[in-house]
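Open your viewer and get ready to select residues by number. We will go from stop to stop, and at each one you will read what to pick and what is there.

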Amino acid sequence: MAGPATGARWVRRVAAVAALAVLAAACGGGGDDDTGGGGAGDEGTPTPGGRVVYGLEAETIDGWCLPEAQLAIAGIMVARTIYDTLTRPTSEGTYEPWLAESVEPNDDYTEWTITLREGVTFHDGSELNAEVVKNNLDAYRGQYPTREPLLFTFVFDNVANVEVVDPMSVRVTMNEPWVDFDAYLWGSGRLGIMAQAQLDDTRTCAENLIGTGPFMIQEWVPNQRLVAEKNPDYWATDDEGNQLPYLDEIEFRPIVEVSQRLNALQSGEINAMHTSDPETITELHNQRDAGSINLTETTDFGEVTYTLLNTSRPPFDNPIARQAVAHATDFEEYNSIIGHDLLTQASGPFAPGNVGNLDDTGFPTYDPEEAEQLVQQYEDETGQPLRFTYTTTQAEATIRAGQLLEQQWEEVGMEVDIVTVDQSTQIDTAISGDFQAIAWRNHPGGDPDTQYVWWESSYPTNFGRINDPEIDRLLNEGRTTPDPDERQQIYENLNRRFGEQAYNLWLSYTLWSVATAPDVHGVDAGAGLAVGHPVETLWVEQ
């Protein structure tokens with residue numbers, strides 16, 4: 001594999017990766033699927049026309065020059081509105097061609113051929129063809145002159161070459177077999193295909209958005225709104241052959257404070273919103289039960305909320321300390337106080353629906369007496385108290401969660417100091433390794449190989465500094481093994497390895513909820529909600 005970037009550029013790239021991962025632990029949720037009127041089965045026949053105003057949790061200040069963009073869920077929602085990806089996830093956890101007609105490997109998975117759909121045009125009227133797709137893929141992997149990608153040079157360092165086979169086909173050659181490359185062409189919704197004009201735009205690439213997607217950008221006023229109008233030439237249709245998208249227009253409004261987002265929905269200022277805040281979701285349940293909203297939510301294919309432990313420095317370089325803090329964590333109390341009894345306890349990094357998900361991974365259960373004994377054992381063997389800092393963001397909810405965990409850990413004899421920082425500092429802290437325990441949220445669903453960059457020991461994005469030959473072996477076997485049953489076993493074993501070694505303190509599978517006004521339908525959660533949902537299927541009663 002090609003080595004990662006070095007120097008100042010390396011730091012920028014790692015920072016971008018971290019920005020996609022870090023979120024305060026208290027923001028996560030869990031629970032069972034609960035469509036509550038938000039599913040597609042009983043909503044009636046979609047009617048074309050209308051407008052949705054969608055409240056997002058954040059603005060994407062750096063814009064959507066996709067190879068260089070830093071997109072969390074709010075930014076991904078916009079990206080999925082403007083751009084199409086070559087593949088997309090299914091509700092079964094597999095991937096299917098989308099902008100591509102087919103994506104096929106050779107026998108040993110060292111070459112993949114991407115054949116494109118005929119007759120697809122970008123918003124500027126230019127044609128989708130093999131040359132522009134090759135240029136996009138080269139841009140993502142850092143091999144196109146006008147683009148300087150951040151995250152994707154790590155993601156695609158196994159790609160040796162991209163070449164045009166014919167006007168509508170591209171061949172991608174790997175350094176080593178890569179059995180789930182089709183999952184990477186989805187890229188959690190971040191790997192949209194841009195028009196050549198945007199790809200070559202060195203001044204306004206981040207704001208002059210040109211995709212093939214269901215909507216075309218009309219206006220972007222940062223921190224206020226992004227308005228997109230229907231693409232009249234969109235290539236996709238629904239199962240009945242009806243033209244997509246259904247809506248005439250969609251407007252996204254960044255509303256950072258979740259209480260304000262909820263108030264905007266209640267007042268009719270917006271008619272759709274997303275959230276992962278348990279307290280807000282509790283109120284949304286009440287409104288759903290009263291019939292005043294539609295609600296769609298799920299943990300399937302979701303993220304995991306957890307405490308990231310630095311395993312390269314004391315105390316968590318010692319498995320006794322990791323076991324102690326795990327045994328000392330009372331999830332039921334955490335769920336009651338922080339999670340409003342909505343959370344589902346995580347047993348590992350793979351949420352329900354994912355390959356490798358297990359109910360029992362061997363992760364330590366709550367046992368304060370065992371925790372006390374391990375604390376004493378640690379002190380006896382090292383001659384030092386089991387003391388560490390817990391780093392979290394400055395939001396009130398995350399501080400409250402940190403204080404509860406601090407209380408639980410100190411009750412068994414640990415000494416804990418809470419450090420609160422802004423999110424940018426938290427990212428820098430993770431990159432530098434200058435932490436002991438830090439609030440985190442990451443690992444959205446899909447093929448488990450997509451988590452490779454977070455755990456493989458040679459990657460700078462391995463923020464927990466895990467150096468475990470067994471994890472490296474399993475990661476590489478999972479990437480190169482084609483048999484589905486064997487891969488299932490590999491990732492279950494990987495999950496168990498995490499559980500046995502307690503490299504991270506797993507808390508909950510993150511629950512995302514999408515609430516809409518009663519006349520707004522078509523929220524599709526079939527592939528989960530951790531990276532948003534399709535907007536082409538949204539519709540409003542006319």
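A crossing of two helices is called left-handed if the near helix is turned anticlockwise from the far one by less than a right angle, and right-handed if clockwise. Keep that in mind for two of the stops. This is a predicted model, in which local features need pLDDT of at least 70, side-chain atom pairs count only at pLDDT 80 or more, and totals for chains, interfaces and linings use all residues. Residues are numbered from 1 along each chain as its sequence is written, and side-chain values use heavy atoms, with hydrogens and water left out.

**Stop 1: a pair of helices**

The axes of H7 and H8 come within 11 Å and cross at roughly 15°. Axes here are lines fitted to C-alpha atoms, for helices over the stretch in contact, with angles from 0 to 180 degrees between N-to-C directions. H7 and H8 are therefore roughly parallel (angles under 35 degrees count as roughly parallel, over 145 as roughly antiparallel, 65 to 115 as roughly perpendicular and the rest as oblique). Look along the pair: H7 passes H8 in a right-handed crossing. To see the contact (heavy atoms within 4.5 Å), show Val258, Leu262, Leu265 and Gln266 of H7 with Thr280, Glu283, Leu284 and Gln287 of H8.

**Stop 2: a second pair**

Now pick helix H15 (residues 469-480) and helix H16 (residues 484-501), whose axes are 9 Å apart at an angle of about 160°. That angle makes H15 roughly antiparallel to H16. How does H15 pass H16, in a left-handed or a right-handed crossing? The crossing of H15 and H16 is left-handed. Residues in this contact include Leu474 and Leu475 of H15, and Tyr491 and Phe498 of H16.

**Stop 3: a disulfide**

Select Cys65 and Cys205, which form a disulfide with sulfur atoms 2.0 Å apart; the rule asks for a pair of cysteine sulfur atoms within 2.5 Å. The two cysteines are 140 residues apart, with Cys65 in the loop between strand S1 (51-56) and helix H2 (73-82), and Cys205 in the loop between helix H6 (196-199) and strand S8 (215-221). The link is right-handed, with 85° about the S-S bond. Both Cys65 and Cys205 are buried (buried means under 20% relative accessible area, exposed over 50%, partly exposed in between, with a 1.4 Å probe and protein chains only).

**Stop 4**

Most residues other than glycine have a negative phi, and most peptide bonds are trans. Zoom in on the bond from Leu244 to Pro245: this peptide bond is cis, with omega near -5°. Another cis bond joins Pro314 and Pro315, with omega about 0°. Next, select Phe301, where phi is positive, near 55°. Phe301 is buried, at 8% relative accessible area. Asp341 also has a positive phi, near 60°, but Asp341 is exposed, at 55%.

**Stop 5: a proline in a helix**

Finish at Pro368, in helix H11 (residues 368-382). Pro368 counts as partly exposed, at 29% relative accessibility. Which residues does Pro368 touch, not counting those up to four places away in sequence? They are His327 and Val412.

Conventions. Helices (H or I, at least four residues) and strands (E, at least two) are DSSP runs, numbered from the N terminus.
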